[in-house]
Amino acid sequence: MKKRFIAGAKCKNCNAEDTTYINYGQNGESLHCVECEFSEKKESHEANIVVQEWTPVRLRDID
Ligand SMILES: [Zn+2]
């Protein structure tokens with residue numbers, strides 16, 4: 001598993017700076033803190049973004 005510390009990030013739990021890292025696992029990314037037991041599953045929104053199709057814009061007829 002890969003770890004990457006987030007520069008300048010504050011732990012949501014203990015408020016320590018530069019202690020939060022992302023763990024890259026097979027099931028996605030999760031946030032962890034080295035100072036406390038904080039861990040949070042990070043939903044990879046970026047990967048799940050589906051490019052939306054253009055929505056037809058219905059223009060009002062101009063009188
Ligand atoms: Zn913490």
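Q: In what order do the elements of the chain run from the N terminus on?
A: They run β-β-β-β-α. That is 1 helix and 4 strands. Helices (H or I, at least four residues) and strands (E, at least two) are DSSP runs, numbered from the N terminus. This is a predicted model: local features need pLDDT of at least 70, side-chain atom pairs count only at pLDDT 80 or more, and totals for chains, interfaces and linings use all residues. Residues are numbered from 1 along each chain as its sequence is written.

Q: What order do the strands take in the sheet?
A: β1-β2-β3-β4, in an open sheet with antiparallel pairing. Strands pair if DSSP finds at least two bridges between them.

Q: And which are the edge strands?
A: β1 (2-5) and β4, each pairing on one side only.

Q: How many bridges join β1 to β2?
A: 4, with β2 covering residues 20-25. Lys-2 stands opposite Tyr-24 in β2.

Q: What joins β3 to β4?
A: A hairpin, through 5 residues. The two strands, residues 28-33 and residues 39-42, run antiparallel and share 4 bridges. His-32 stands opposite Ser-39 in β4.

Q: Switching topic: what share of the chain is buried?
A: 5% of the 63 residues. Buried means 20 or more other C-beta atoms within 10 Å of the residue's own, with C-beta atoms placed from the backbone; exposed means 12 or fewer, and partly exposed is in between.

Q: What about contacts between residues 24 or more positions apart?
A: They account for 12% of the contacts with a separation of 6 or more. A contact means C-beta atoms, placed from the backbone, within 7 Å.

Technical notes. Two residues are in contact if their C-beta atoms, placed from the backbone, lie within 7 Å.
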